[in-house]
Amino acid sequence: MSIASTSVIQIIPRTRRGVELMLLIIAIAVSVAAYVNIGLTVQNKVPASTGYYAAGIGLLALIAHMALRYRAPYADPVILPCAVLLNGLGVAMIHRVDLGLKAAAEAAGTKARGPAAPQQITWTAVGIILFLVVILVVRDHRRLQAFTYTAGLVGLVLLVLPLVPGLGADINGAKIWIRLAGMSFQPGEFAKLCLVIFFAGYLVVKRDVLTLAGHRFLGLDLPRARDLGPILIAWGVSLGVLIFEKDLGSSLLFFGLFLFLLYVATERAGWLIIGGLLFAGGAFVAAQIFSHVQKRVSDWLDPFHEVGGQVSTALMGQAWGGLLGRGLGQGRPEIAPLRFYGQSDFIISSFGEELGLTGLIAIILVYTLIIERGLRTALGCRDIFGKLLATGLAMSFALQVFVIVGGVTGLIPLTGLTTPFMALGGTALIANWAIIALVLRISDQARRPQTPAAPVSDETIAMAVQKQ
């Protein structure tokens with residue numbers, strides 16, 4: 001009598017939450033050490049707010065970690081610690097500039113502005129709350145595809161809101177803000193998330209049509225003329241943002257995201273050529289017509305034509321920092337004309353001055369880790385919508401970091417985008433935490449083991465072989 005045996009070997013991947021917890025501890029320790037170092041250097045004592053800062057960052061990170069442990073156990077273990085590290089270092093540098101502004105005000109005999117670091121921690125808490133909402137509510141990212149056109153409509157409405165009379169506000173020459181209940185918000189940050197969902201859902205449906213080749217030129221298959229509608233619409237919207245809201249950074253970000261996702265969905269390099277030509281042509285015309293674009297270009301071509309300008313001061317500060325930096329608390333990121341911008345638009349310059357080129361490269365590498373893990377999530381995702389969505393969210397970070405770091409270091413014209421997680425500002429910080437939550441939700445689905453098939457016995461296999 002034969003005994004049928006069943007041999008099933010199932011490899012269940014580890015959740016890696018323990019690795020994430022260890023990395024979080026390191027990220028919190030580095031952030032708190034930077035905060036304490038700044039206090040010892042500037043005030044010759046440990047800041048009295050160190051306990052508040054450490055407890056705030058640590059507790060918020062632990063809450064996010066526990067949410068992933070129980071609701072998204074297979075999520076990527078590296079992304080959250082990287083985001084916490086950047087957020088913590090950003091708060092530390094904001095505190096550093098607060099101390100510099102306070103000392104400058106006391107020397108001038110004027111009243112100092114209230115500290116911004118506690119406010120940034122509060123916005124971090126709001127961002128973590130939205131992070132939890134996304135993790136708990138969005139149980140499957142594929143359901144977002146049903147809201148493709150709704151997300152697109154909401155994104156366009158958010159882009160237009162700053163142009164509504166009585167609601168929009170012109171701050172620093174850009175009409176990208178709205179005022180509600182005495183507070184300022186930047187709806188374009190959430191429009192970015194909505195438009196990425198729309199781009200991904202739209203390209204899933206239309207990618208077969210957009211893949212069709214038209215004329216062949218210099219070895220490249222160019223798209224058909226009848227299929228140019230989507231890219232022309234995206235180009236027109238980006239130009240509208242540039243012209244009416246005077247926001248070069250958002251214009252570049254939105255068009256770049258759509259163009260990159262279009263290339264990923266179709267694998268046609270012709271779209272990149274057409275999109276690049278459209279953007280270059282629009283940017284050239286805008287530089288000839290609009291004064292705010294002309295100012296950005298002239299500051300880029302000759303940053304020292306204006307003595308004491310923001311760009312020239314930022315470049316001089318980075319040059320003073322050199323390779324290893326002046327040391328935390330030993331630079332001058334708060335001096336005029338940067339002042340408050342050392343906490344927001346030019347916070348990368350502040351890090352470059354005090355941590356030098358080495359520290360700046362380390363920060364860029366942390367951003368690169370987030371982007372790389374996001375793209376790895378896209379590669380491992382089993383559905384096309386998830387692949388495009390994860391790619392779009394990762395590339396939103398990539399474009400932002402490239403544009404802001406390139407602008408501050410003089411590689412490209414300054415655009416005004418905020419540095420993700422580090423720059424002072426509530427709207428951008430909250431939106432970025434929502435993006436991180438969505439990437440982690442997709443990675444949980446991508447890394448989660450599939451339901452194994454029913455086991456097949458050796459006797460069944462032998463019978464099948466005999467029948468053949």
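**View 1. Aromatic rings that pair up.** The structure holds 9 aromatic pairs, where rings of Phe, Tyr and Trp (its six-membered ring) pair if their centres lie within 6.5 Å. This is a predicted model, in which local features need pLDDT of at least 70 and side-chain atom pairs count only at pLDDT 80 or more, while totals for chains, interfaces and linings use all residues. Residues are numbered from 1 along each chain as its sequence is written, and side-chain values use heavy atoms, with hydrogens and water left out.

**View 2. The rings of F198 and F199.** Here the ring centres of F198 and F199 lie 5.9 Å apart and their planes stand at 55 degrees, so the pair is tilted (planes under 30 degrees apart count as stacked, over 60 as edge-to-face and the rest as tilted). F198 and F199 are both buried, meaning under 20% relative accessible area, with exposed being over 50% and partly exposed in between (1.4 Å probe, protein chains only).

**View 3. The rings of F255 and F279.** With centres 6.1 Å apart and planes at 15 degrees, the rings of F255 and F279 make a stacked pair. This pair links distant parts of the chain, as F255 sits in helix α8 and F279 in helix α9 (residues 269-289), 24 residues apart. Helices here are DSSP runs (H or I, at least four residues), numbered from the N terminus. F255 is buried, with a relative accessible area of 2%, whereas F279 is partly exposed, with 23%.

**View 4. S250 in helix α8.** You can find S250 in helix α8 (residues 248-266). S250 has 10% relative accessibility and so counts as buried. Leaving aside residues up to four places away in sequence, S250 touches V241 and L417, with contact meaning heavy atoms within 4.5 Å.

**View 5. Helices α2 and α3 crossing.** The axes of helix α2 (residues 50-71) and helix α3 (residues 79-108) come within 11 Å and cross at roughly 160 degrees. That makes α2 roughly antiparallel to α3 (angles over 145 degrees count as roughly antiparallel, under 35 as roughly parallel, 65 to 115 as roughly perpendicular and the rest as oblique). Axes are lines fitted to C-alpha atoms, for helices over the stretch in contact, and angles run from 0 to 180 degrees between N-to-C directions. From α2, the contact is made by Y53, I57, A61, A64, H65 and L68, and from α3 by L80, V84, G88, L89, V91 and A92.

Key
Helices (H or I, at least four residues) and strands (E, at least two) are DSSP runs, numbered from the N terminus.
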